[in-house]
Amino acid sequence: MSMFAVQEGALTATETPPRPRVRWGFLWQVSFIAGLGGILYGFDMGVIAAALIYVREAFGLSTIMQELVVSVVLVGAMAGALGGGAIADRIGRRATLLWGGALFLAGSVLAFAAPGVILLIVARALLGIAIGFTSVTAPVYVSELAPPQSRGMLIGLYQFALTMGIALADLVGYWLASQHGWRLMFGIGAIPAAFFLACILTLPESPRWLLAQNRGQEATAVLSSYTDGLGVQVLLEDIRAGLQVRVEQRWSALWSPAVRRSLLIAVGFTVLQQATGINTIIYYGPKIFTLAGITSSENAIFATLLVAITNVLATVIALVLVDRVGRKPLLYYGVGGMTASLLLLAYSFHAPAAFGAGPGIVATVCLMIYITCFAFSMGPIAWILVSEVFPLRVRGRGVAAASLGSGACNFVVSLTFLSLIHAAGNSATFLVYASFCIITLFFVRFIIPETRGRELESISSEANAVAQ
(Lines give C-alpha, C1' and ligand atoms only; values in the text may rest on other atoms or scores of the structure.)
Protein backbone atom coordinates (compact mmCIF):
# COMPACT_ATOMS: atom_id res chain seq x y z
CA MET A 1 0.00 0.00 0.00
CA SER A 2 1.28 3.44 -0.84
CA MET A 3 2.09 5.90 1.95
CA PHE A 4 2.06 9.70 1.91
CA ALA A 5 3.80 12.25 4.15
CA VAL A 6 1.98 15.55 4.70
CA GLN A 7 3.59 18.98 4.68
CA GLU A 8 2.37 22.50 3.90
CA GLY A 9 1.64 22.93 0.20
CA ALA A 10 2.38 19.31 -0.66
CA LEU A 11 3.12 15.87 0.75
CA THR A 12 6.87 15.46 0.66
CA ALA A 13 9.07 12.44 1.02
CA THR A 14 11.13 12.25 4.21
CA GLU A 15 12.44 8.72 3.89
CA THR A 16 13.83 6.47 1.19
CA PRO A 17 12.51 5.17 -1.08
CA PRO A 18 10.86 8.47 -2.06
CA ARG A 19 7.15 8.81 -1.45
CA PRO A 20 4.69 10.37 -3.89
CA ARG A 21 3.63 13.95 -3.18
CA VAL A 22 0.01 15.07 -2.98
CA ARG A 23 -1.04 18.70 -2.85
CA TRP A 24 -2.61 19.78 0.43
CA GLY A 25 -4.93 22.24 -1.28
CA PHE A 26 -6.60 19.50 -3.28
CA LEU A 27 -7.13 17.33 -0.19
CA TRP A 28 -8.78 20.22 1.63
CA GLN A 29 -10.96 20.95 -1.39
CA VAL A 30 -12.14 17.34 -1.62
CA SER A 31 -12.79 17.16 2.13
CA PHE A 32 -14.76 20.40 1.99
CA ILE A 33 -16.98 19.03 -0.79
CA ALA A 34 -17.70 15.92 1.29
CA GLY A 35 -18.57 18.10 4.26
CA LEU A 36 -20.83 20.37 2.21
CA GLY A 37 -22.79 17.36 0.98
CA GLY A 38 -23.30 16.27 4.59
CA ILE A 39 -24.42 19.77 5.60
CA LEU A 40 -27.05 19.78 2.83
CA TYR A 41 -28.26 16.37 3.98
CA GLY A 42 -28.56 17.52 7.59
CA PHE A 43 -30.13 20.87 6.75
CA ASP A 44 -32.91 19.49 4.57
CA MET A 45 -33.63 16.70 7.05
CA GLY A 46 -33.61 19.04 10.07
CA VAL A 47 -35.32 22.19 8.80
CA ILE A 48 -38.75 20.57 9.01
CA ALA A 49 -38.56 20.58 12.84
CA ALA A 50 -39.16 24.34 13.08
CA ALA A 51 -41.00 24.78 9.78
CA LEU A 52 -43.66 22.18 10.58
CA ILE A 53 -45.15 24.36 13.33
CA TYR A 54 -45.98 27.11 10.86
CA VAL A 55 -46.72 24.85 7.87
CA ARG A 56 -49.37 23.17 10.00
CA GLU A 57 -50.93 26.55 10.77
CA ALA A 58 -50.68 27.83 7.18
CA PHE A 59 -52.34 24.81 5.56
CA GLY A 60 -54.44 23.50 8.48
CA LEU A 61 -52.77 20.07 8.36
CA SER A 62 -54.12 16.98 10.08
CA THR A 63 -51.83 14.69 12.06
CA ILE A 64 -51.48 12.30 9.13
CA MET A 65 -50.65 15.11 6.68
CA GLN A 66 -48.02 16.49 9.08
CA GLU A 67 -46.42 13.04 9.25
CA LEU A 68 -46.52 12.81 5.43
CA VAL A 69 -44.82 16.20 4.96
CA VAL A 70 -42.08 15.06 7.35
CA SER A 71 -41.57 11.52 6.08
CA VAL A 72 -41.91 11.91 2.29
CA VAL A 73 -38.32 13.13 2.18
CA LEU A 74 -37.29 9.68 3.40
CA VAL A 75 -39.14 7.96 0.55
CA GLY A 76 -37.22 10.18 -1.87
CA ALA A 77 -33.96 9.47 -0.06
CA MET A 78 -34.48 5.71 -0.31
CA ALA A 79 -35.26 5.98 -4.03
CA GLY A 80 -32.25 8.23 -4.57
CA ALA A 81 -29.95 5.93 -2.64
CA LEU A 82 -31.07 2.83 -4.53
CA GLY A 83 -30.80 4.51 -7.92
CA GLY A 84 -27.84 6.74 -7.17
CA GLY A 85 -25.22 4.00 -7.20
CA ALA A 86 -26.29 2.65 -10.58
CA ILE A 87 -26.57 6.17 -12.02
CA ALA A 88 -23.11 7.07 -10.71
CA ASP A 89 -21.68 3.96 -12.36
CA ARG A 90 -23.35 4.86 -15.65
CA ILE A 91 -22.81 8.62 -16.01
CA GLY A 92 -20.00 9.22 -13.50
CA ARG A 93 -19.62 10.34 -9.89
CA ARG A 94 -19.24 14.03 -10.67
CA ALA A 95 -22.25 14.14 -13.00
CA THR A 96 -24.42 12.38 -10.41
CA LEU A 97 -23.39 14.90 -7.76
CA LEU A 98 -24.25 17.71 -10.16
CA TRP A 99 -27.73 16.25 -10.58
CA GLY A 100 -28.00 15.94 -6.81
CA GLY A 101 -27.04 19.59 -6.35
CA ALA A 102 -29.56 20.65 -9.00
CA LEU A 103 -32.31 18.70 -7.20
CA PHE A 104 -31.34 20.32 -3.88
CA LEU A 105 -31.67 23.71 -5.52
CA ALA A 106 -34.97 22.91 -7.26
CA GLY A 107 -36.49 21.36 -4.14
CA SER A 108 -35.53 24.33 -1.96
CA VAL A 109 -36.97 26.86 -4.41
CA LEU A 110 -40.19 24.84 -4.91
CA ALA A 111 -40.69 24.45 -1.14
CA PHE A 112 -40.24 28.20 -0.73
CA ALA A 113 -42.84 28.97 -3.41
CA ALA A 114 -45.30 26.11 -2.78
CA PRO A 115 -48.88 27.48 -2.84
CA GLY A 116 -50.30 24.37 -1.20
CA VAL A 117 -49.34 21.24 0.70
CA ILE A 118 -49.25 18.99 -2.41
CA LEU A 119 -46.45 20.97 -4.07
CA LEU A 120 -44.66 21.16 -0.70
CA ILE A 121 -44.75 17.37 -0.54
CA VAL A 122 -43.38 17.19 -4.11
CA ALA A 123 -40.59 19.60 -3.13
CA ARG A 124 -39.72 17.50 -0.07
CA ALA A 125 -39.63 14.37 -2.26
CA LEU A 126 -37.17 16.08 -4.63
CA LEU A 127 -34.99 17.03 -1.67
CA GLY A 128 -35.11 13.40 -0.56
CA ILE A 129 -33.91 12.18 -3.96
CA ALA A 130 -31.08 14.71 -3.80
CA ILE A 131 -30.14 13.42 -0.35
CA GLY A 132 -30.11 9.86 -1.67
CA PHE A 133 -27.92 10.78 -4.64
CA THR A 134 -25.35 12.67 -2.60
CA SER A 135 -25.27 10.40 0.45
CA VAL A 136 -24.37 7.43 -1.74
CA THR A 137 -22.15 9.17 -4.29
CA ALA A 138 -20.24 11.83 -2.33
CA PRO A 139 -18.36 9.44 0.01
CA VAL A 140 -17.53 7.15 -2.91
CA TYR A 141 -16.36 10.06 -5.07
CA VAL A 142 -14.16 11.49 -2.34
CA SER A 143 -12.68 8.12 -1.38
CA GLU A 144 -11.74 7.52 -5.03
CA LEU A 145 -9.98 10.89 -5.26
CA ALA A 146 -8.27 10.98 -1.86
CA PRO A 147 -4.99 9.18 -1.13
CA PRO A 148 -5.36 6.01 0.96
CA GLN A 149 -4.37 7.44 4.35
CA SER A 150 -7.12 10.11 4.28
CA ARG A 151 -10.05 7.87 3.40
CA GLY A 152 -10.88 6.70 6.92
CA MET A 153 -11.54 10.13 8.35
CA LEU A 154 -14.11 10.90 5.68
CA ILE A 155 -16.74 8.62 7.23
CA GLY A 156 -16.55 10.57 10.47
CA LEU A 157 -16.26 13.88 8.61
CA TYR A 158 -19.48 13.24 6.70
CA GLN A 159 -21.38 12.37 9.90
CA PHE A 160 -19.95 15.44 11.64
CA ALA A 161 -21.01 17.68 8.75
CA LEU A 162 -24.48 16.13 8.82
CA THR A 163 -24.89 17.13 12.48
CA MET A 164 -23.71 20.63 11.58
CA GLY A 165 -26.38 20.79 8.89
CA ILE A 166 -29.05 19.85 11.44
CA ALA A 167 -27.78 22.52 13.84
CA LEU A 168 -27.76 25.08 11.02
CA ALA A 169 -31.38 24.19 10.18
CA ASP A 170 -32.42 24.67 13.81
CA LEU A 171 -30.53 27.97 13.99
CA VAL A 172 -32.34 29.22 10.87
CA GLY A 173 -35.62 28.00 12.35
CA TYR A 174 -35.01 29.90 15.58
CA TRP A 175 -33.94 33.02 13.70
CA LEU A 176 -37.13 33.05 11.59
CA ALA A 177 -39.55 31.76 14.23
CA SER A 178 -40.74 35.21 15.33
CA GLN A 179 -41.70 35.94 11.71
CA HIS A 180 -43.40 32.55 11.21
CA GLY A 181 -41.12 32.43 8.17
CA TRP A 182 -41.40 28.80 7.16
CA ARG A 183 -40.97 29.64 3.47
CA LEU A 184 -37.61 31.29 4.13
CA MET A 185 -36.59 28.32 6.29
CA PHE A 186 -36.91 26.10 3.23
CA GLY A 187 -35.67 28.71 0.74
CA ILE A 188 -32.39 29.39 2.56
CA GLY A 189 -31.40 25.83 1.66
CA ALA A 190 -30.97 27.04 -1.93
CA ILE A 191 -27.84 29.00 -0.90
CA PRO A 192 -25.68 26.01 0.16
CA ALA A 193 -27.19 24.00 -2.72
CA ALA A 194 -26.00 26.58 -5.28
CA PHE A 195 -22.60 26.72 -3.59
CA PHE A 196 -22.38 22.91 -3.69
CA LEU A 197 -23.11 22.96 -7.43
CA ALA A 198 -20.41 25.59 -8.01
CA CYS A 199 -17.87 23.56 -6.01
CA ILE A 200 -18.57 20.34 -7.91
CA LEU A 201 -17.98 22.17 -11.20
CA THR A 202 -14.41 22.90 -10.07
CA LEU A 203 -13.55 19.23 -9.50
CA PRO A 204 -12.59 16.51 -12.00
CA GLU A 205 -14.25 13.16 -12.55
CA SER A 206 -13.15 10.22 -10.40
CA PRO A 207 -10.02 8.59 -11.88
CA ARG A 208 -11.29 5.16 -10.83
CA TRP A 209 -14.51 5.66 -12.82
CA LEU A 210 -12.53 6.92 -15.80
CA LEU A 211 -10.31 3.84 -15.77
CA ALA A 212 -13.36 1.59 -15.46
CA GLN A 213 -14.65 3.28 -18.65
CA ASN A 214 -11.30 2.61 -20.41
CA ARG A 215 -10.43 6.32 -20.36
CA GLY A 216 -6.94 5.85 -19.01
CA GLN A 217 -5.47 9.04 -20.48
CA GLU A 218 -8.10 11.19 -18.73
CA ALA A 219 -7.58 9.28 -15.46
CA THR A 220 -3.84 9.92 -15.67
CA ALA A 221 -4.46 13.62 -16.28
CA VAL A 222 -6.72 13.82 -13.19
CA LEU A 223 -4.13 12.10 -11.00
CA SER A 224 -1.38 14.32 -12.40
CA SER A 225 -3.35 17.39 -11.28
CA TYR A 226 -2.77 16.61 -7.61
CA THR A 227 0.18 14.24 -7.30
CA ASP A 228 3.62 13.72 -8.80
CA GLY A 229 4.76 11.12 -11.32
CA LEU A 230 5.44 8.49 -8.69
CA GLY A 231 2.04 9.12 -7.15
CA VAL A 232 0.34 8.70 -10.54
CA GLN A 233 2.08 5.37 -11.07
CA VAL A 234 1.30 4.01 -7.59
CA LEU A 235 -2.33 5.13 -7.61
CA LEU A 236 -2.93 3.80 -11.13
CA GLU A 237 -1.60 0.42 -9.99
CA ASP A 238 -3.86 0.49 -6.91
CA ILE A 239 -6.92 1.40 -8.98
CA ARG A 240 -6.23 -1.26 -11.64
CA ALA A 241 -5.77 -3.89 -8.91
CA GLY A 242 -9.07 -2.86 -7.35
CA LEU A 243 -10.86 -3.10 -10.68
CA GLN A 244 -9.74 -6.73 -10.99
CA VAL A 245 -11.83 -7.69 -7.94
CA ARG A 246 -15.10 -9.25 -9.06
CA VAL A 247 -17.95 -7.15 -7.70
CA GLU A 248 -21.13 -9.14 -7.09
CA GLN A 249 -24.12 -7.65 -8.92
CA ARG A 250 -26.80 -10.01 -7.59
CA TRP A 251 -28.74 -9.01 -4.47
CA SER A 252 -29.15 -12.71 -3.66
CA ALA A 253 -25.42 -12.88 -2.91
CA LEU A 254 -26.12 -11.11 0.39
CA TRP A 255 -27.99 -14.25 1.55
CA SER A 256 -25.08 -16.59 0.91
CA PRO A 257 -23.62 -18.30 4.02
CA ALA A 258 -20.40 -16.30 3.61
CA VAL A 259 -22.21 -12.95 3.88
CA ARG A 260 -25.52 -13.33 5.69
CA ARG A 261 -24.12 -12.60 9.17
CA SER A 262 -22.57 -9.39 7.87
CA LEU A 263 -26.02 -8.53 6.51
CA LEU A 264 -27.57 -9.19 9.93
CA ILE A 265 -25.00 -6.95 11.64
CA ALA A 266 -25.28 -4.08 9.17
CA VAL A 267 -29.02 -4.02 8.53
CA GLY A 268 -29.97 -5.00 12.08
CA PHE A 269 -27.86 -2.28 13.65
CA THR A 270 -28.91 0.51 11.28
CA VAL A 271 -32.57 -0.43 11.80
CA LEU A 272 -32.10 -0.33 15.56
CA GLN A 273 -30.32 3.01 15.19
CA GLN A 274 -33.58 4.45 13.86
CA ALA A 275 -35.94 2.42 16.08
CA THR A 276 -34.44 4.02 19.20
CA GLY A 277 -36.20 7.22 18.13
CA ILE A 278 -33.35 9.53 17.20
CA ASN A 279 -35.13 11.20 14.31
CA THR A 280 -38.24 11.97 16.33
CA ILE A 281 -36.04 14.61 17.96
CA ILE A 282 -34.63 15.80 14.64
CA TYR A 283 -38.06 16.09 12.99
CA TYR A 284 -40.38 16.76 15.93
CA GLY A 285 -38.15 18.40 18.55
CA PRO A 286 -40.31 21.51 19.07
CA LYS A 287 -43.41 19.29 19.30
CA ILE A 288 -41.78 17.19 22.05
CA PHE A 289 -40.84 20.29 24.03
CA THR A 290 -44.35 21.67 23.61
CA LEU A 291 -45.74 18.42 25.01
CA ALA A 292 -43.36 18.82 27.95
CA GLY A 293 -44.82 22.19 28.83
CA ILE A 294 -42.82 24.75 26.83
CA THR A 295 -45.72 26.77 25.46
CA SER A 296 -43.79 29.29 23.33
CA SER A 297 -42.94 28.05 19.82
CA GLU A 298 -39.76 30.17 19.82
CA ASN A 299 -38.61 28.63 23.12
CA ALA A 300 -39.40 25.12 21.87
CA ILE A 301 -37.34 25.75 18.74
CA PHE A 302 -34.52 27.21 20.85
CA ALA A 303 -34.49 24.07 23.03
CA THR A 304 -34.29 21.99 19.83
CA LEU A 305 -31.33 24.14 18.70
CA LEU A 306 -29.53 23.42 22.00
CA VAL A 307 -30.01 19.70 21.41
CA ALA A 308 -28.65 20.04 17.84
CA ILE A 309 -25.55 21.93 19.03
CA THR A 310 -24.98 19.22 21.62
CA ASN A 311 -25.21 16.68 18.79
CA VAL A 312 -22.42 18.45 16.88
CA LEU A 313 -20.11 18.72 19.88
CA ALA A 314 -20.66 15.15 21.04
CA THR A 315 -19.86 13.77 17.58
CA VAL A 316 -16.31 15.04 18.11
CA ILE A 317 -16.03 12.58 21.01
CA ALA A 318 -16.61 9.71 18.60
CA LEU A 319 -14.06 11.05 16.11
CA VAL A 320 -11.45 11.21 18.87
CA LEU A 321 -12.21 7.94 20.70
CA VAL A 322 -13.60 5.43 18.20
CA ASP A 323 -10.14 4.23 17.09
CA ARG A 324 -8.65 4.50 20.59
CA VAL A 325 -11.30 3.01 22.86
CA GLY A 326 -13.05 0.79 20.35
CA ARG A 327 -16.54 0.45 18.94
CA LYS A 328 -18.20 -1.76 21.56
CA PRO A 329 -17.19 0.19 24.71
CA LEU A 330 -18.54 3.41 23.19
CA LEU A 331 -21.73 1.59 22.23
CA TYR A 332 -22.23 0.21 25.75
CA TYR A 333 -21.83 3.62 27.36
CA GLY A 334 -23.79 5.44 24.65
CA VAL A 335 -26.79 3.12 24.36
CA GLY A 336 -26.87 2.72 28.14
CA GLY A 337 -27.09 6.50 28.51
CA MET A 338 -29.79 6.69 25.83
CA THR A 339 -31.84 4.09 27.68
CA ALA A 340 -31.58 5.88 31.02
CA SER A 341 -32.47 9.29 29.56
CA LEU A 342 -35.53 7.93 27.71
CA LEU A 343 -36.76 6.16 30.83
CA LEU A 344 -36.40 9.38 32.82
CA LEU A 345 -38.15 11.34 30.07
CA ALA A 346 -41.03 8.84 30.05
CA TYR A 347 -41.35 9.13 33.84
CA SER A 348 -41.33 12.94 33.68
CA PHE A 349 -44.36 12.76 31.34
CA HIS A 350 -46.04 10.21 33.61
CA ALA A 351 -45.49 12.11 36.86
CA PRO A 352 -44.64 15.75 36.06
CA ALA A 353 -45.33 16.84 39.63
CA ALA A 354 -42.33 14.80 40.79
CA PHE A 355 -39.98 17.32 39.19
CA GLY A 356 -39.95 20.69 40.90
CA ALA A 357 -37.88 22.24 38.09
CA GLY A 358 -40.73 21.67 35.67
CA PRO A 359 -41.17 19.05 32.94
CA GLY A 360 -39.86 21.40 30.22
CA ILE A 361 -36.45 21.68 31.86
CA VAL A 362 -36.38 17.95 32.61
CA ALA A 363 -37.23 17.14 28.98
CA THR A 364 -34.47 19.45 27.73
CA VAL A 365 -31.87 17.83 30.01
CA CYS A 366 -33.02 14.31 29.12
CA LEU A 367 -32.90 14.95 25.38
CA MET A 368 -29.48 16.61 25.61
CA ILE A 369 -28.16 13.54 27.45
CA TYR A 370 -29.85 11.27 24.92
CA ILE A 371 -28.43 13.09 21.89
CA THR A 372 -24.95 13.24 23.47
CA CYS A 373 -24.94 9.50 24.04
CA PHE A 374 -26.25 8.83 20.52
CA ALA A 375 -23.73 11.16 18.89
CA PHE A 376 -20.65 9.48 20.35
CA SER A 377 -21.95 5.95 19.83
CA MET A 378 -24.72 4.76 17.50
CA GLY A 379 -24.64 7.82 15.23
CA PRO A 380 -21.22 7.41 13.61
CA ILE A 381 -20.42 3.82 14.65
CA ALA A 382 -23.38 2.33 12.78
CA TRP A 383 -22.00 3.57 9.45
CA ILE A 384 -18.42 2.71 10.36
CA LEU A 385 -19.51 -0.89 10.99
CA VAL A 386 -21.49 -0.98 7.76
CA SER A 387 -18.35 -0.06 5.83
CA GLU A 388 -16.24 -2.63 7.69
CA VAL A 389 -18.17 -5.90 7.96
CA PHE A 390 -18.84 -6.78 4.30
CA PRO A 391 -16.35 -8.53 2.00
CA LEU A 392 -15.15 -6.29 -0.82
CA ARG A 393 -17.02 -8.17 -3.55
CA VAL A 394 -20.44 -7.39 -2.00
CA ARG A 395 -19.62 -4.19 -0.11
CA GLY A 396 -21.58 -1.92 -2.45
CA ARG A 397 -24.74 -4.05 -2.27
CA GLY A 398 -24.31 -4.50 1.47
CA VAL A 399 -24.05 -0.79 2.17
CA ALA A 400 -27.09 -0.17 -0.05
CA ALA A 401 -29.08 -2.80 1.89
CA ALA A 402 -28.14 -1.18 5.19
CA SER A 403 -29.10 2.25 3.86
CA LEU A 404 -32.44 0.88 2.68
CA GLY A 405 -33.12 -0.74 6.06
CA SER A 406 -32.22 2.46 7.89
CA GLY A 407 -34.36 4.59 5.59
CA ALA A 408 -37.35 2.25 5.83
CA CYS A 409 -37.25 2.21 9.64
CA ASN A 410 -36.72 5.98 9.71
CA PHE A 411 -39.79 6.36 7.50
CA VAL A 412 -41.93 4.18 9.78
CA VAL A 413 -40.79 6.00 12.94
CA SER A 414 -41.33 9.47 11.48
CA LEU A 415 -44.69 8.50 9.94
CA THR A 416 -46.06 7.06 13.19
CA PHE A 417 -44.65 9.34 15.92
CA LEU A 418 -47.54 11.79 16.21
CA SER A 419 -50.12 9.02 15.82
CA LEU A 420 -48.37 6.99 18.54
CA ILE A 421 -48.36 10.01 20.84
CA HIS A 422 -52.11 10.45 20.31
CA ALA A 423 -52.92 6.74 20.65
CA ALA A 424 -50.62 5.64 23.49
CA GLY A 425 -49.66 8.87 25.23
CA ASN A 426 -46.37 10.67 25.77
CA SER A 427 -44.94 8.39 28.45
CA ALA A 428 -45.72 5.10 26.67
CA THR A 429 -44.27 6.40 23.39
CA PHE A 430 -40.86 7.07 24.91
CA LEU A 431 -40.99 3.75 26.77
CA VAL A 432 -41.30 2.09 23.35
CA TYR A 433 -38.09 3.80 22.17
CA ALA A 434 -36.35 2.92 25.47
CA SER A 435 -37.26 -0.75 24.92
CA PHE A 436 -35.53 -0.66 21.54
CA CYS A 437 -32.45 0.75 23.28
CA ILE A 438 -32.44 -2.27 25.61
CA ILE A 439 -32.74 -4.60 22.60
CA THR A 440 -29.81 -2.74 21.05
CA LEU A 441 -27.63 -3.42 24.12
CA PHE A 442 -28.23 -7.16 23.70
CA PHE A 443 -27.53 -6.85 19.96
CA VAL A 444 -24.20 -5.14 20.69
CA ARG A 445 -23.29 -7.78 23.28
CA PHE A 446 -24.06 -10.88 21.23
CA ILE A 447 -23.97 -9.85 17.55
CA ILE A 448 -21.63 -6.87 17.00
CA PRO A 449 -17.91 -7.70 16.65
CA GLU A 450 -15.15 -5.39 17.86
CA THR A 451 -13.44 -4.06 14.71
CA ARG A 452 -10.95 -1.54 16.10
CA GLY A 453 -7.52 -1.79 14.47
CA ARG A 454 -8.34 -4.84 12.35
CA GLU A 455 -7.98 -5.52 8.63
CA LEU A 456 -11.26 -5.41 6.71
CA GLU A 457 -11.05 -8.94 5.35
CA SER A 458 -10.41 -10.44 8.80
CA ILE A 459 -13.48 -8.60 10.13
CA SER A 460 -15.78 -9.93 7.42
CA SER A 461 -14.34 -13.46 7.77
CA GLU A 462 -14.95 -13.54 11.53
CA ALA A 463 -18.38 -11.95 11.24
CA ASN A 464 -19.54 -14.72 8.93
CA ALA A 465 -17.72 -17.65 10.54
CA VAL A 466 -20.77 -18.59 12.63
CA ALA A 467 -23.05 -18.69 9.59
CA GLN A 468 -20.85 -20.97 7.53
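Contact is taken here to mean heavy atoms within 4.5 Å. The structure is a predicted model, in which local features need pLDDT of at least 70 and side-chain atom pairs count only at pLDDT 80 or more, whereas totals for chains, interfaces and linings use all residues. Residues are numbered from 1 along each chain as its sequence is written, and side-chain values use heavy atoms, with hydrogens and water left out.

The chain holds 20 helices and zero strands, where helices (H or I, at least four residues) and strands (E, at least two) are DSSP runs numbered from the N terminus. Of its 468 residues, 54% count as buried; buried means under 20% relative accessible area, exposed means over 50%, and partly exposed lies in between, with a 1.4 Å probe and protein chains only. When contacts between residues at least 6 apart in sequence are considered, 81% join residues at least 24 apart.

Two packed helices are described by the angle between their axes and the distance between the axes. Helix H3 (residues 63-91) and helix H18 (residues 395-424) pack at an angle of about 180°, and their axes are 9 Å apart; axes are lines fitted to C-alpha atoms, for helices over the stretch in contact, and angles run from 0 to 180 degrees between N-to-C directions. H3 and H18 are therefore roughly antiparallel to each other, given that angles under 35 degrees count as roughly parallel, over 145 as roughly antiparallel, 65 to 115 as roughly perpendicular and the rest as oblique. On the H3 side the residues that make the contact include Leu68, Leu74, Met78 and Leu82, and on the H18 side they include Leu404, Phe411, Phe417 and His422. The residues of this contact divide into 12 nonpolar, nine polar and one charged, with Ala, Val, Leu, Ile, Met, Phe, Trp, Tyr, Cys and Pro counted as nonpolar, Asp, Glu, Lys and Arg as charged, and the others, Gly among them, as polar.

Rolling a probe the size of a water molecule over the atoms shows where empty space is left. On a 1 Å grid over the protein atoms alone, a cavity is a set of points where a 1.4 Å probe fits but cannot get out, and lining residues have an atom within 4 Å of a point; grid points are joined across faces, edges and corners, and a volume is the space filled by probe spheres set on the points. By this rule the count comes to one cavity of 30 Å³ or more, and the largest cavity has a volume of about 30 Å³. Its lining consists of Ile166, Asp170, Ile281, Ile282, Thr304, Val307, Ala308, Asn311 and Ile371. The elements that give two or more residues to this lining are helix H6 (151-177), helix H13 (278-291) and helix H14 (297-321), and the largest share, four residues, comes from H14. By residue class, the lining of the largest cavity divides into six nonpolar, two polar and one charged.

His180, with a phi of about 55°, is in the loop between H6 and helix H7 (182-187) and counts as partly exposed at 42% relative accessibility. Asn214, with a phi of about 60°, is placed in the loop between helix H9 (207-212) and helix H10 (216-224), and Asn214 is exposed, with a relative accessible area of 73%. Ala266, in helix H12 (residues 260-275), counts as buried at 2% relative accessibility. Leaving aside neighbours within four places in sequence, Ala266 is in contact with Val386, Val389, Phe390 and Ala402, while the C-alpha atoms of Ala266 and Ala382, 116 residues apart in sequence, are 7.6 Å apart in space. Phe195, in helix H8 (residues 190-201), is partly exposed at 43% relative accessibility and touches Phe32 and Leu36, not counting residues up to four places away in sequence. Phe195 and Gly101 are 94 residues apart in sequence and 8.8 Å apart in space, C-alpha to C-alpha.

Definitions and conventions. On a 1 Å grid over the protein atoms alone, a cavity is a set of points where a 1.4 Å probe fits but cannot get out, and a pocket is an open set with protein on both sides within 12 Å along at least five of seven lines; lining residues have an atom within 4 Å of a point.
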